[in-house]
Amino acid sequence: MERAKRNAVAAIALVVLAVVAARVEAQQDSNVKTLVKYKHGKKYCDKGWECKGWSIYCCNLTITDYFQTYQFENLFSKRNSPVAHAVGFWDYHSFIAAASLFEPEGFGTTGNKTMQMMEIAAFLGHVGSKTSCGYGVATGGPLAWGLCYNHEMSPMQSYCDEYFKLTYPCTPGAEYYGRGAIPIFWNYNYGAVGEALKVDLLSHPEYIEQNATLAFQAAIWRWMTPIKKYQPSAHDAFVGNWKPTKNDTMENRVPGFGTTMNILYGDGVCGQGDVDTMNNIVSHYMYYLDLLGVGREEAGPHEYLTCAEQVPFNPSSKAASST
């Protein structure tokens with residue numbers, strides 16, 4: 001009975017996500033009036049469906065002000081090619097519907113227009129790299145094939161870690177292989193994401209590969225959320241909210257794109273010199289900066305752009321990485 005109830009609740013949640021995505025498509029072209037109020041000398045805004053809830057960030061540009069459908073299509077131009085593995089799954093409206101949940105928290109709404117566009121390029125640079133089926137001689141070049149996948153194609157295991165059996169117990173029959181825009185692996189990661197998004201992903205990890213809005217929401221939540229307390233989120237490290245400690249500086253961790261890789265992947269990518277896995281993520285980011293008209297020269301010097309010489313925040317810990 002309890003399982004049936006959870007299934008019903010989860011199904012309703014997916015329907016709600018579909019409705020939200022449809023509402024985004026319907027409302028995107030409509031004029032939304034910005035509501036403004038002041039509290040303790042600070043300005044707070046509410047922009048309706050895209051940036052709701054009286055936030056200082058909603059007073060800035062929202063993502064649809066500077067990132068349009070055609071730009072999404074340019075970044076992921078080969079995702080619906082016949083040889084891609086998630087044809088018809090990923091789309092602009094699903095991304096915007098997912099982003100609207102986090103724009104009041106500063107996702108794509110922090111700083112000036114250039115910083116906002118750079119954050120979208122940075123986030124999507126991770127997404128493009130982690131979901132690409134591009135290769136050296138692929139049509140359009142290897143960087144044009146982001147969002148080719150929405151799940152791991154040949155999982156070698158079910159990714160159930162019994163160490164977390166009390167907090168995030170594995171559901172019999174469920175498989176926690178990689179799914180999503182920044183792929184989620186392991187029961188404990190599905191459990192944490194599901195708690196945050198109020199969707200029972202422990203019982204239904206497959207929902208991530210069935211709903212693009214949910215898949216983007218999971219990835220943005222990971223981007224916006226620290227792996228551990230007292231550590232920065234990828235968002236904070238990128239937009240400059242994070243101030244490195246003396247220990248961070250000694251271990252070469254500085255604000256910028258490089259540290260977002262450290263946070264998301266740890267020593268799976270960082271502290272190993274200029275390895276291909278790291279360079280591929282960086283290449284997607286710079287390519288997207290160019291396509292968005294920002295230009296890769298805005299990415300900064302090598303020590304800010306890469307994590308080649310950084311000591312990982314969470315060395316050799318599966319929990320430090322979504323991969």
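## Disulfides and fold of a predicted chain

With -80° about the S-S bond, the disulfide between Cys 270 and Cys 307 is left-handed. Cys 270 sits in the loop between α10 (257–265) and α11 (276–291), and Cys 307 in the segment after α12 (302–305), so the link ties together parts that are 37 residues apart in sequence. This is a predicted model: local features need pLDDT of at least 70, side-chain atom pairs count only at pLDDT 80 or more, and totals for chains, interfaces and linings use all residues. Residues are numbered from 1 along each chain as its sequence is written, and side-chain values use heavy atoms, with hydrogens and water left out.

**Overall fold**

- The chain holds twelve helices and two strands. Helices (H or I, at least four residues) and strands (E, at least two) are DSSP runs, numbered from the N terminus.
- From the N terminus on, the order of elements is α-β-β-α-α-α-α-α-α-α-α-α-α-α.
- Of the 323 residues, 53% count as buried. Buried means under 20% relative accessible area, exposed means over 50%, and partly exposed lies in between (1.4 Å probe, protein chains only).
- The chain exposes about 14700 Å². Carbon and sulfur atoms supply 54% of that area. Accessible areas come from the Shrake-Rupley method with a 1.4 Å probe; for residues, only the protein chains shown count as cover.
- Among contacts in the chain with a separation of 6 or more, 64% come from residues 24 or more positions apart. Contact means heavy atoms within 4.5 Å.

**Disulfide count and pairing**

- A disulfide is a covalent bond between the sulfur atoms of two cysteines.
- Here the term covers a pair of cysteine sulfur atoms within 2.5 Å. By this rule the count is five.
- With the bonded cysteines numbered in sequence order, the pairing reads 1-4, 2-3, 5-6, 7-8, 9-10.

**Cys 270 and Cys 307**

- The sulfur atoms of Cys 270 and Cys 307 are 2.1 Å apart.
- Cys 270 counts as buried because its relative accessibility is 2%.
- Cys 307 is also buried, with a relative accessible area of 0%.

**Cys 160 and Cys 170**

- A disulfide joins Cys 160 to Cys 170, with an S to S distance of 2.0 Å.
- This link is right-handed, with 110° about the S-S bond.
- The link of Cys 160 and Cys 170 connects distant parts of the chain, ten residues apart. Both cysteines lie in the loop between α5 (113–130) and α6 (187–197).
- Cys 160 has a relative accessible area of 28%, so Cys 160 is partly exposed.
- Cys 170 has a relative accessible area of 23%, so Cys 170 is partly exposed.

**Cys 51 and Cys 58**

- Cys 51 and Cys 58 form a disulfide, S to S 2.0 Å.
- The link of Cys 51 and Cys 58 is left-handed, with -85° about the S-S bond.
- Both Cys 51 and Cys 58 are buried.

**Ser 283**

- Ser 283 is placed in helix α11.
- Ser 283 is partly exposed because its relative accessible area is 28%.
- A polar atom of the Ser 283 side chain lies 2.8 Å from the backbone oxygen of Asn 279.
- Ser 283 and Pro 142 are 141 residues apart along the chain. Their C-alpha atoms are separated by 9.9 Å.

Note on methods:
Polar contact = N/O pair within 3.5 Å; in protein donor to acceptor, adjacent residues only side chain to side chain.
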